[in-house]
Amino acid sequence: MDKLLIRGGRQLRGEVRISGAKNAALPELCACLLTAQPVTLANVPRLQDVSTMLKLIRNMGVSAEWGEDGSVRVNAGGLSSPEAPYELVKTMRASVLALGPLLARFGEATVSLPGGCAIGSRPVDQHIKGLQAMGAEIVVEHGYMLAKLAMVNGTRRSRLQGAHITTDMVTVTGTENFLMAAALAQGETILENAAQEPEIIDLAEMLIQMGAKIEGHGSSCIHIQGVEQLQGCSHQVVADRIEAGTFLCAVAATGGDVVLQHGRADHLGAVIEKLRDAGAIISTVTEGIRVQSPGPAHQYLKAQSFRTTEYPGFPTDMQAQFMVLNAIAQGTSRVTETIFENRFMHVNELVRLGAHIQIDGKVAVIEGVEQLSAATVMATDLRASASLVIAGLVAEGDTVVERIYHLDRGYDQMETKLQGLGADIERLK
Ligand code: UD1
């Protein structure tokens, strides 16, 4: 299993290109299933979850080819088997995003239930309830969701029906599934309590280019007027705000001066505000975002308390990375995780690196220390891995981060990008 060896203590300087967003590329690859015409997605990040999604749709009889420029050309004209098997779904929960588009275009789908997930139980009950409200019959058998259009007066419906859906909580992939399903449904769908993430807006804009009629995306209430058919399109995947946020934290922790090309400051409001309060200097430049640190971390960083919430609040996907800053900042902070129940698995590993952190339920209390000291640590999930890499970059000595397949799931060439900024980091096979 690959690991990373990091020799801490180097500042980061230079420019780094932020890739397309994983969490936009995954639903957008599923949106390609909604049409028989070719779709070109540009700026697709090369990472493991994208490879898994490509495998999943190819397995359905869809052709999907990489171009040399980082684009993927998808043609779902030959889709013959609307199924997502357990072997693929178990490695990536986002496979559930195939359910809405398959039902909408084919009137049936067989999608494995996602298995357990390290960061919490993450059920898909809201996806099922919403699609049932749109006229799908969904039964769970042998670990699979077997979905088809419901019978009405002895005949099977020919399309999903528009519906008024209010989810019990804000769900990102749930909102995306409903958007895609509603685009081809008969009549109007109203989504209340919808997620407002930039990735939702990006997906909605792609669907609109395909001919969908959507209004209100980016707010908590989205209206979709279903159409009979969607066409192909070319769409550029929005920049990855979590990758950008991860680099912002890395530079704030190690010191230095870096420009994040294509980084979108307007998608990182809550994170940038906390970084500024902590003492980092962040500005918007023509190329993207510039981050500078005014001195050695423990001399300038001031601990920041925060709670994770839905967008536009502080993202749960940035909690672990920001915690490293708090671990080496002056003062004590409280970090409250409200989205997932088990998302503090990086804490024990950070403690192995010398951090002072105690967990009390949903709250981690972090007492800043002057310096972390290198150790061998184990990555447990995607964003936890990123936090351990940042911790390794600042710790004194040689840190080894094991099980970095978690990191490879969601970051496009993380260590190559860090090397380009002057980090001493190498992959050990
Ligand atoms: C997406 C992101 C993930 C991010 C998360 C929260 C993708 C591919 N993944 O995950 O990176 O961490 O949003 O910002 O975009 N819930 C239910 N029932 C459901 C659906 C959700 O109980 O049917 C709960 C979840 O367990 C969780 C909360 O709702 O506690 C939010 O989850 P959700 O927004 O659905 O996360 P994902 O879309 O899976």
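Among contacts in the chain with a separation of 6 or more, 73% are made by residues 24 or more positions apart. This is a predicted model, and its chain comprises 15 helices and 26 strands. The chain is as compact as a globular protein of its length, because its radius of gyration of 22 Å is close to the 22 Å that the globule rule gives for 429 residues. The C-alpha trace extends over about 70 × 45 × 40 Å along its principal axes.

Burial and surface composition come next. Of the 429 residues, 57% count as buried. The chain exposes about 16600 Å², and carbon and sulfur atoms supply 46% of that area. As for charge, there are 37 positive and 47 negative charges, and their mean positions are 2 Å apart.

In soluble globular proteins, nonpolar side chains tend to be buried together. In this chain, the largest nonpolar core has 78 residues. The residues with the most contacts inside this core are Leu-33, Leu-34, Leu-131, Met-134, Leu-160, Leu-179 and Leu-207. Leu-33 illustrates the surroundings of such a residue: with its neighbours within four places in sequence left aside, its contacts include Ile-57, Met-60 and Val-62, as well as Ala-76, Leu-79 and Ala-98. Pro-101, Leu-102, Arg-105 and Phe-106 are also in contact with Leu-33. Another core, of 73 residues, lies apart from the largest one; among its members are Leu-350, Ile-357, Ala-386 and Leu-418.

Asn-43 is not a glycine, yet it has a positive phi of about 65 degrees. This residue is located in the loop between β3 (38–42) and α2 (48–58). Is Asn-43 buried or exposed? Its relative accessibility is 15%, and buried means under 20%, so Asn-43 counts as buried.

His-262 also has a positive phi, near 70 degrees, and is a residue other than glycine. Its place is in the loop between β17 (256–261) and α9 (269–278). The relative accessibility of His-262 is 44%, and it therefore counts as partly exposed, the class between the limits of 20% and 50%.

A further feature concerns a peptide bond. The bond from Tyr-311 to Pro-312 is cis, with omega near 15 degrees. Pro-312 is found in the loop that runs between β20 (306–307) and α11 (319–327).

Note on methods. Residues are numbered from 1 along each chain as its sequence is written. This is a predicted model: local features need pLDDT of at least 70, side-chain atom pairs count only at pLDDT 80 or more; totals for chains, interfaces and linings use all residues. Side-chain values use heavy atoms; hydrogens and water are left out. Helices (H or I, at least four residues) and strands (E, at least two) are DSSP runs, numbered from the N terminus. The radius of gyration is taken over C-alpha atoms; the globule rule is 2.2 Å times the number of residues to the power 0.38. Buried means under 20% relative accessible area, exposed over 50%, partly exposed in between (1.4 Å probe, protein chains only). Contact means heavy atoms within 4.5 Å. Accessible areas come from the Shrake-Rupley method with a 1.4 Å probe; for residues, only the protein chains shown count as cover. Lys and Arg count as positive and Asp and Glu as negative; His and the chain ends are not counted. The place of a charge is taken as NZ of Lys, CZ of Arg, CG of Asp or CD of Glu. A nonpolar core is a set of buried Ala, Val, Leu, Ile, Met, Phe, Trp, Tyr and Cys residues joined through side-chain atoms within 4.5 Å.
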